[in-house]
Amino acid sequence: MDGAFTAAFGLIASGDAALMQIIGLSLRVTLTAVAIASLIGLPLGAGLALARFPGRGAVIVLFNALMGLPPVVAGLLVYLMLSRSGPLGGLALLFTPTAMIVAQTILILPIVVSLTRSVVEDLWAEYRDQLRSLGASRLRAVPTLLWDGRVSLLTGILAGFGRASAEVGAVLIVGGNIAGHTRTMTTAITLETARGSLSLAVALGIILMGLTLALNAVAWGAGQWARGRLG
Amino acid sequence: MRSLRDIHTAILPLRLEGAGYRVGGAQLLSDITLNIAPGRRLVILGPNGAGKSLLLRLCHGLIEPTSGSRVWASGEARAEAQAMVFQRPVLLRRSVAANLDYPLSLRGVPRAERRETVTSTLRRFGLEHLADRPARLLSGGEQQRLAVARARAMAPQVLFLDEPTSALDPSATRIIESMIEGFSAEGIAIVMTTHDLGQARRLAQDVAFLHRGRLIEHRPANMFFSGPKAPETRAFLAGELIW
């Protein structure tokens with residue numbers, strides 16, 4: 001076990017090319033998925049907070065439930081869509097980083113939507129009369145509320161990042177864990193552990209946790225700064 | 001794109017015709033007929049729960065009468081040339097200057113004119129040194145001053161104020177009152193509620209007295225305070241003075 005840790009730090013220190021490639025791909029896939037999910041989820045969540053339509057409650061419950069969607073099931077759905085006989089098979093996206101981004105976006109989206117709805121709903125209760133008095137329509141209130149809730153919304157986006165960076169089921173199914181092409185930190189850890197080569201697995205585990213810790217530290221710091229600065 | 005200067009059509013008098021507001025079986029306002037004239041300072045008085053804030057909201061257009069009607073002289077459903085200051089104003093999480101800019105940009109006022117209005121508003125109300133400060137971090141008095149300034153920047157013909165000074169200390173209250181007097185001198189109609197009878201005496205030209213959702217009296221302030229009164233009014237004024 002000590003050997004594994006020593007070798008792990010050796011790998012990290014040496015800047016091993018295969019290791020760097022894996023880290024790079026993991027970050028690219030997850031951050032892209034977070035960006036897409038935020039782009040869709042922030043306005044969607046805010047719209048859901050402000051809109052009143054029949055079946056709204058059902059939609060809210062659905063998104064809340066989807067926060068618990070097992071990654072393997074999300075992976076399976078995307079696999080069925082993208083497999084050669086599936087409806088989107090012609091795009092030949094299966095076992096590519098793009099397919100992995102799609103699968104992770106599906107995992108993150110419900111988190112961003114649900115947390116955004118909750119944050120914006122609370123803000124709207126406080127702001128509604130004032131914004132209407134200033135002349136804002138419901139639609140125009142959406143960007144205002146998102147901007148004023150930015151600190152709280154960051155937490156939701158971070159939770160989405162955490163879910164995507166930690167999951168292995170979805171990227172494994174739709175990516176296929178192909179070395180140099182679709183191998184991410186989590187799929188590599190799975191594979192290396194199964195093969196008994198623990199040093200790479202441990203190195204990846206340390207890096208994964210380190211990255212998550214660093215990102216959360218930055219986000220927390222930014223939140224504290226913004227609270228002090230913006231009230 | 002339109003300019004603030006385009007808002008010329010007179011929206012006053014505002015007329016409530018037998019307006020009522022009923023929610024969940026409770027009749028909160030009943031049969032209110034009221035004329036809000038241009039350029040006057042009207043203070044709405046009444047005990048807690050009489051419906052003062054509700055009446056203000058109904059006039060401003062935040063709620064719709066469930067019976068009767070609300071008619072602006074301009075014929076608009078909700079007149080644009082009006083503004084309201086709340087008891088606890090909501091300021092946006094951005095700078096003081098950006099808070100002044102926001103309602104103007106909602107109206108599609110061109111950027112150059114907006115900058116001009118923001119600068120002159122900051123200068124007029126002594127907020128220049130706070131321009132870049134986050135609005136949420138101002139003191140209570142400064143926040144209300146900004147809220148009143150923001151309302152003025154919207155170039156209203158009528159300004160509604162819902163207990164604008166009830167959370168403020170005397171010096172901040174004095175500043176807000178002098179701002180209100182300044183607007184009135186510019187010809188802006190003022191409609192405000194207050195719990196403070198001293199403030200009502202200082203500011204009111206007309207008084208509307210509400211009791212249990214009904215308009216008991218609406219008359220010039222000197223007559224309200226010194227002339228013969230409805231029994232509810234007498235009890236209210238006597239009770240307030242004893243207390």
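How many residues of chain A are in contact with how many residues of chain B? The count is 15 residues of chain A and 15 residues of chain B, where contact means that the C-beta atoms, placed from the backbone, lie within 7 Å.

This is a predicted model, in which local features need pLDDT of at least 70 and side-chain atom pairs count only at pLDDT 80 or more, while totals for chains, interfaces and linings use all residues. Residues are numbered from 1 along each chain as its sequence is written, chains are lettered from A and ligands numbered from 1 in the order in which they are written.

**Where chain A touches chain B**

- Helix 5 (97-134), helix 6 (138-148) and helix 10 (198-230) of chain A each supply at least two residues to this side; helices (H or I, at least four residues) and strands (E, at least two) are DSSP runs, numbered from the N terminus.
- Helix 5 of chain A gives the most, with 7 residues.
- By class, this side of chain A has 4 nonpolar, 5 polar and 6 charged residues. Ala, Val, Leu, Ile, Met, Phe, Trp, Tyr, Cys and Pro count as nonpolar, Asp, Glu, Lys and Arg as charged, and the others, Gly among them, as polar.

**The sheet of chain B**

- Chain B has an open sheet of 3 strands in the order 2-1-4, with antiparallel pairing; two strands pair if DSSP finds at least two bridges between them.
- Strand 2 (26-36) and strand 4 (67-72) of chain B each have a single partner strand, so one side of each lacks a neighbour in the sheet.
- Strand 1 (residues 14-23) and strand 2 of chain B pair over 7 bridges, in the antiparallel sense.
- Val23(B) has Ala26(B), in strand 2 of chain B, as its bridge partner.

Methods: Contact = placed C-beta atoms within 7 Å.
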